[in-house]
Amino acid sequence: MSHQSTMIICGNSALDYHRVSNGAQFPGYEEILVRSIRTIRKHDQHFKRVVEVLDQLDLPAPLHLLSTGPGDRKNSVLAKYHYYAQQPQVGDLIKLDENIYVCAPELALAQASVRAGIAAIDLLILEFCGTYLLSPRSDSGFIGTSAPLLTLAQIEQAFKDKKRVPGYAMQPRLQALEVAAENSNSPAESAVHAILSLPVGYGGYGVSGIELNRKIPLDSKAARMVGVDAIRPDFFIGKANTVGEYKSLMYHPEGTWTTTTGE
């Protein structure tokens, strides 16, 4: 692919694309940038193309793009360029339009985590392995999804593949992966899980083995007491035989633990 004609959306912008393509809403670039900045480089055809892509895909600025060589383009208020010695592998890119590609979510998450701290990486993993996506323009700030976009196994494979992402930031990525969990149902659940599970040195309580929204079948006696055959509590710590709800005393009956409205 020629770098003059091919545009590859990567990192945080690729994550935003996967959010938007599943229904999330972000402020448009025109809501963020003042007119004088938007028009200062209107003669630049590449700049014009970036604006068109931001409009077409409803993505926030700046647009994070994969560069094919160090220093071939300068960053601007609308676009930031990232050069990785490791180029995308077969299956890493999703074609959106002629000469416009976006990185697959697991690669995008690995790219976005290169310079991030363990807490930020943990929250990204919890989101993309959960049943919600951040959506700043939604009333609640997020939307519910019917299924996670990624699994911990997919993220682990991307994190450990040095042919796809730099290896120098491996330790914080793997530390975050070790404490993360699947099936978070909201940003609040992710935040509580992060506080409880992150290592003490990173501001957490260091509690390991916390599962989110796990279905727990009940024996006949317990089922008669609560009126349902199974519960799916926000938090489950198997080694302590403990369940918890962060926002109420009510357990979610099966089938009601997630919604499409983010409530």
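Reader: Which residues are buried in helix 5?

Author: The model is a predicted one. In helix 5, the buried residues are Ile118, Ile121, Asp122, Leu124, Ile125, Leu126, Glu127 and Phe128.

Reader: What makes helix 5 (residues 118–128) largely enclosed by the rest of the structure?

Author: Eight of its 11 residues are buried, and helix 5 is therefore described as largely enclosed by the rest of the structure.

Reader: Why is Leu198 called buried?

Author: Buried means under 20% relative accessible area. Leu198 has a relative accessibility of 6%, so it counts as buried. Leu198 is located in the loop between helix 8 (187–197) and strand 8 (210–212). Leaving out residues up to four places away in sequence, Leu198 touches Ile118, Ala119, Asp122, Val179, Gly204, Tyr205 and Gly206.

Reader: How do you know that Asp16 forms a salt bridge with Arg19?

Author: The rule requires a side-chain nitrogen of Lys or Arg within 4 Å of a carboxyl oxygen of Asp or Glu. Between Asp16 and Arg19 the closest N and O atoms are 2.7 Å apart, and the pair forms a salt bridge. Asp16 and Arg19 are three residues apart in helix 1 (residues 11–20), so about one helical turn separates them. Asp16 counts as buried at 11% relative accessibility, and Arg19 counts as buried at 6%.

Reader: What makes Lys95 and Glu98 a salt bridge, and why is Glu98 called exposed?

Author: The closest N and O atoms of Lys95 and Glu98 are 3.9 Å apart, and the cut-off is 4 Å. Exposed means over 50% relative accessible area; Glu98, at 53%, therefore counts as exposed. Lys95, at 49%, counts as partly exposed.

Reader: How many residues separate Glu156 and Lys160 in helix 6 (residues 152–160)?

Author: They are four residues apart, which means a separation of about one helical turn. Glu156 forms a salt bridge with Lys160, with the closest N and O atoms 2.8 Å apart. Glu156 is partly exposed at 33%, and Lys160 counts as partly exposed at 46%. Elsewhere, salt bridges that share partners join Asp16, Arg19 and Glu127 into one network.

Reader: Which residues touch the most other members of the largest nonpolar core?

Author: Within this core of 55 residues, they are Ile9, Val50, Leu63, Leu109 and Ile125. Helix 3 (residues 45–57) contributes the largest share, six residues.

How values were computed: Residues are numbered from 1 along each chain as its sequence is written. This is a predicted model: local features need pLDDT of at least 70, side-chain atom pairs count only at pLDDT 80 or more; totals for chains, interfaces and linings use all residues. Side-chain values use heavy atoms; hydrogens and water are left out. A nonpolar core is a set of buried Ala, Val, Leu, Ile, Met, Phe, Trp, Tyr and Cys residues joined through side-chain atoms within 4.5 Å. Buried means under 20% relative accessible area, exposed over 50%, partly exposed in between (1.4 Å probe, protein chains only). Helices (H or I, at least four residues) and strands (E, at least two) are DSSP runs, numbered from the N terminus. Contact means heavy atoms within 4.5 Å.
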